Amino acid sequence: MQRPRISVRKFLGALAAAAVLYFGLGALLHYVVFPEEEPPAWAYGRSGFSFETPTGERFRLIHGPIETGGEFSEAHFDLLPGGHAGRPHVHPHQEERFEVLSGWLTALVGDEERVVSAGEILVVPPGTPHQPFNRRDIEMRSIARITPAGKLGLFFGQLSGLGFKPTFLQTMLFVQAYDVYPATPPPAVVRVMSFLLAPTARLVGYRSFNPEYAKRFLGSAAQGAAADRAQHGPINVW
């Protein structure tokens, strides 16, 4: 007796239906039924916290988001010689402003490379790909302000807990939670990918916020702040 043959069209149709069911149910559970909780207020850094990234960025918080009601966040942002942000990135809804105090800031802004010296200001509009560098042999010191504050400080804490090497699925959760996107592929594409894959990331155990990462990060940042005060004196707030 000959077995009935399944046509390619029917197979593809069944596959498409299964995908719609999977992603639809996942989105319903992730975004509606079991949404992730908002991070607690204690997890946000406050003035004086200091930390450094593996790529030579140093942050010393002046005004944290809790202190400004989310209006902005401001920090001393320094780059060691050869230091740089991890990769080109985009803040779709935030403006980033750098006031250079000493040295030179080189920044890729869109398709243009700019060099900003002491006394000058660089403003990166929302939605603009950018990446700061220090291509000189002396430290670059600046004041960086991001408006509105968003959750960037929390993002650094979670990255620190992961050794600054998140997996692809973890990144799909991060871009939604912290509103920061890699410059390529375009944020619109990443946004769609994130919407579809974030539920899968949750399903296999990833989370956008891990309290233990935040606690360790804030503890090390407090130690960094104490060492920073010993070296540079009290933080200047203006």
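# Briefing: sheet, core and salt bridges

Six strands form an open sheet in the order E1-E2-E3-E10-E5-E8, with antiparallel pairing. The model is a predicted one. Its largest nonpolar core holds 29 residues, and its salt bridges number eight. The points below take the sheet, then the core, then the charged pairs.

**The sheet**

- The edge positions belong to strand E1 (50–52) and E8. Each has a single partner strand, so one side of each lacks a neighbour in the sheet.
- On average, neighbouring strands of this sheet are turned by 20 degrees against each other, direction ignored.
- E5 and E10 pair in the antiparallel sense, and seven bridges join them.
- Arg97 stands opposite Arg145 in E10.
- The pairing of E5 with E8 is also antiparallel, over four bridges.
- Glu99 has Ile121 of E8 as its bridge partner.

**The nonpolar core**

- Which residues of the largest nonpolar core touch the most other members? They are Phe77, Phe98, Leu105, Leu122, Phe155 and Tyr178.
- Several elements each supply at least two residues of this core, among them E3, strand E5 (95–102), strand E6 (104–109) and strand E8 (121–124).
- In soluble globular proteins, nonpolar side chains tend to be buried together.
- Phe77 has contacts well beyond its sequence neighbours. Leaving aside residues within four places, Phe77 is in contact with Glu57, Arg58, Phe59, Phe98, Pro132, Met140, Arg141, Ser142 and Ala144.

**Helix H2**

- Seven of the ten residues of H2 are buried, so the helix is largely enclosed by the rest of the structure.
- The buried residues of H2 are Leu152, Leu154, Phe155, Phe156, Gly157, Gln158 and Leu159.
- Just after H2 comes Gly163, with a positive phi of about 70 degrees.

- Glu139 and Arg58 form a salt bridge, with their closest N and O atoms 3.5 Å apart. Glu139 lies in the loop between strand E9 (130–133) and strand E10 (140–147), and Arg58 in strand E2 (residues 57–63). The two residues are 81 residues apart, so the pair links distant parts of the chain.
- Are these two partners buried or partly exposed? Glu139 counts as partly exposed, at 28% relative accessibility. Arg58 also counts as partly exposed, at 32%.
- Arg145 and Glu74 meet in a salt bridge through their side chains, at 3.3 Å from N to O. Arg145 lies in strand E10 and Glu74 in strand E3 (residues 73–79), so this pair ties together parts 71 residues apart in sequence.
- Arg145 is partly exposed, with a relative accessible area of 27%. Glu74 is buried, with a relative accessible area of 4%.

- Glu212 and Lys215 form a salt bridge, their closest N and O atoms being 3.7 Å apart.
- Both residues lie in helix H5 (residues 211–232). They are three residues apart, about one turn of the helix.
- An α-helix has 3.6 residues a turn, so residues three or four places apart point the same way.
- Glu212 is partly exposed, with a relative accessible area of 44%. Lys215 is partly exposed too, at 46% relative accessibility.

- Which residues do salt bridges with shared partners join into one network? They are Glu52, Arg58 and Glu139.

**Asp78 in strand E3**

- Asp78 has its place in strand E3. At 11% relative accessibility, Asp78 counts as buried, because the cut-off for buried is under 20%.
- A polar atom of the Asp78 side chain lies 3.4 Å from the backbone nitrogen of Ser142.
- Not counting residues up to four places away in sequence, Asp78 touches Gly56, Glu57, Arg58, Glu139, Met140, Arg141 and Ser142. Arg58 and Glu139, from that list, are also the partners in the 3.5 Å salt bridge.

Key
Residues numbered from 1 in each chain as written. Predicted model: local features only at pLDDT ≥ 70, side-chain atom pairs only at ≥ 80, totals over all residues. Heavy atoms only, no water. Salt bridge = Lys/Arg side-chain N within 4 Å of Asp/Glu carboxyl O. Buried < 20%, exposed > 50% of the residue type's maximum accessible area, 1.4 Å probe, protein only. Polar contact = N/O pair within 3.5 Å; in protein donor to acceptor, adjacent residues only side chain to side chain. Contact = heavy atoms within 4.5 Å. Core = buried A, V, L, I, M, F, W, Y, C linked by side-chain atoms within 4.5 Å. Pairing = 2+ DSSP bridges. Axes fitted to C-alpha atoms, helices over the stretch in contact; angles between N-to-C directions.
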